[in-house]
Amino acid sequence: AAKLPVRVLEVGHDVKDPDGLLARETGTPPGGVALLRPDGHLSASLPTADITTLLAAAKRALGHKETL
């Protein structure tokens, strides 16, 4: 398995967002995942925390080519 240089932060645990600003600004629904670059750019807003979808989005953000 490939290791990706990512860090996971959970809203409400690692990141405080009592007013829901992060969810509103990223368009990420409850239970979803916002993939943010270190510079704050939104790379992906995913409706669920599905690991397959999250890994694909992270690989795209890192410039990895899609494999079919």
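A polar contact is a pair of N or O atoms within 3.5 Å, where, within protein, one atom must be able to donate a hydrogen and the other to accept it, and residues adjacent in sequence count only if both atoms are side-chain atoms. Keep that in mind as we look around this predicted model.

Let's start with Thr 28. This residue sits in the loop between helix 1 (21-26) and strand 1. Is Thr 28 buried or exposed? Thr 28 has a relative accessible area of 10%, and because buried means under 20%, Thr 28 counts as buried.

| Side chain | Partner side chain | Distance |
|---|---|---|
| Thr 28 | Thr 26 | 2.8 Å |
| Thr 28 | Ser 45 | 2.8 Å |

Leaving aside neighbours within four places in sequence, Thr 28 is in contact with Ala 23, Val 33, Ala 34, Ser 45 and Leu 46.

Ala 34 stands opposite Ser 45, which belongs to strand 2. Strand 1 (residues 33-36) and strand 2 (residues 42-46) run antiparallel and are joined by four bridges. Together the two strands form a hairpin, with five residues between them. In the turn you can find Gly 40, which has a positive phi of about 90°.

Finally, have a look at Arg 60, a residue of helix 2 (residues 51-61). Arg 60 is partly exposed, with 44% relative accessibility. How far apart are the C-alpha atoms of Arg 60 and Lys 16? They are separated by 27 Å, and the two residues lie 44 residues apart along the chain.

Conventions:
Residues numbered from 1 in each chain as written. Predicted model: local features only at pLDDT ≥ 70, side-chain atom pairs only at ≥ 80, totals over all residues. Heavy atoms only, no water. Buried < 20%, exposed > 50% of the residue type's maximum accessible area, 1.4 Å probe, protein only. Pairing = 2+ DSSP bridges. Contact = heavy atoms within 4.5 Å.
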